[in-house]
Amino acid sequence: RGEAGTHMEAPHLTPAQMEFLSEDELIFILPSFKMDVLHFVAGDFGPFLPSIPTQVPLWLAITLKKRKMCKIQPPEWMDVDALKIRLDGEKSRPQGFEMMPFHYREISALLLEHAPDDVRGSSQAQSLVSEIGDLRTAKIVEGLKTLQSTDTAVQFNGMGAMELARLRPFMTEAMNQFYQLKHEEDAPPS
């Protein structure tokens, strides 16, 4: 592929790669140490003062948490009550999605793995995120079934990174087949 007149395949990101990308998302921590600003390629973070909320990338929050140097403040959307509201919203909207952070699955998985003690109601939060994800996946499947049986368009606004990663191979293949059919249709008869 990649030769003149052919199409290029889009790279498919694995769940591990999606998780890696999500680690650049900013999150608040409550440091238990004092330190000046840290300078990284991605930016400057700090200063760090005990019990004063400080915004850092998720990867740094996890690293500090592993060293018992901070508590992580989960994002507001990870609160059990907020997740219940989002779940109810997903259930009440047969088409379309509740607005969630682009990397909601990856962020919640990382926080629940590395800082479950910092997430209020962590097991319930994990269950709610999973249920939201399952509902969203079911909506995607239904939308794709609709595409197979009709000429209508389907909107997937508000999809998360992991959901897009799962859908991308199917959509890429479908578009390649449309391209091939169009190319054959436009070719002069022999």
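Which side chain of opposite charge is nearest to E23? The views below take this up in the predicted model, where local features need pLDDT of at least 70, side-chain atom pairs count only at pLDDT 80 or more, and totals for chains, interfaces and linings use all residues. Residues are numbered from 1 along each chain as its sequence is written, and side-chain values use heavy atoms, leaving out hydrogens and water.

**View 1. E23 is buried without a salt bridge.** E23 sits in the loop between α1 and β1. Buried means under 20% relative accessible area (1.4 Å probe, protein chains only). The nearest side chain of opposite charge is K66, 7.9 Å away. A salt bridge needs a side-chain nitrogen of Lys or Arg within 4 Å of a carboxyl oxygen of Asp or Glu. E23 touches P57, L58, W59 and L110, not counting residues up to four places away in sequence. Contact means heavy atoms within 4.5 Å.

**View 2. F48 belongs to the largest nonpolar core.** This core has 30 residues; I29, F48, I72, L83 and L111 touch the most other members. Elements giving two or more residues to this core include β1 (26-31) and α5 (122-149). A nonpolar core is a set of buried Ala, Val, Leu, Ile, Met, Phe, Trp, Tyr and Cys residues joined through side-chain atoms within 4.5 Å. Beyond four places in sequence, F48 touches residues including I29, P31 and L64.

**View 3. F20 is exposed.** Its relative accessible area is 58%; exposed means over 50%. F20 lies in helix α1 (residues 15-22). Helices are DSSP runs (H or I, at least four residues), numbered from the N terminus.

How values were computed:
Lys and Arg count as positive and Asp and Glu as negative; His and the chain ends are not counted.
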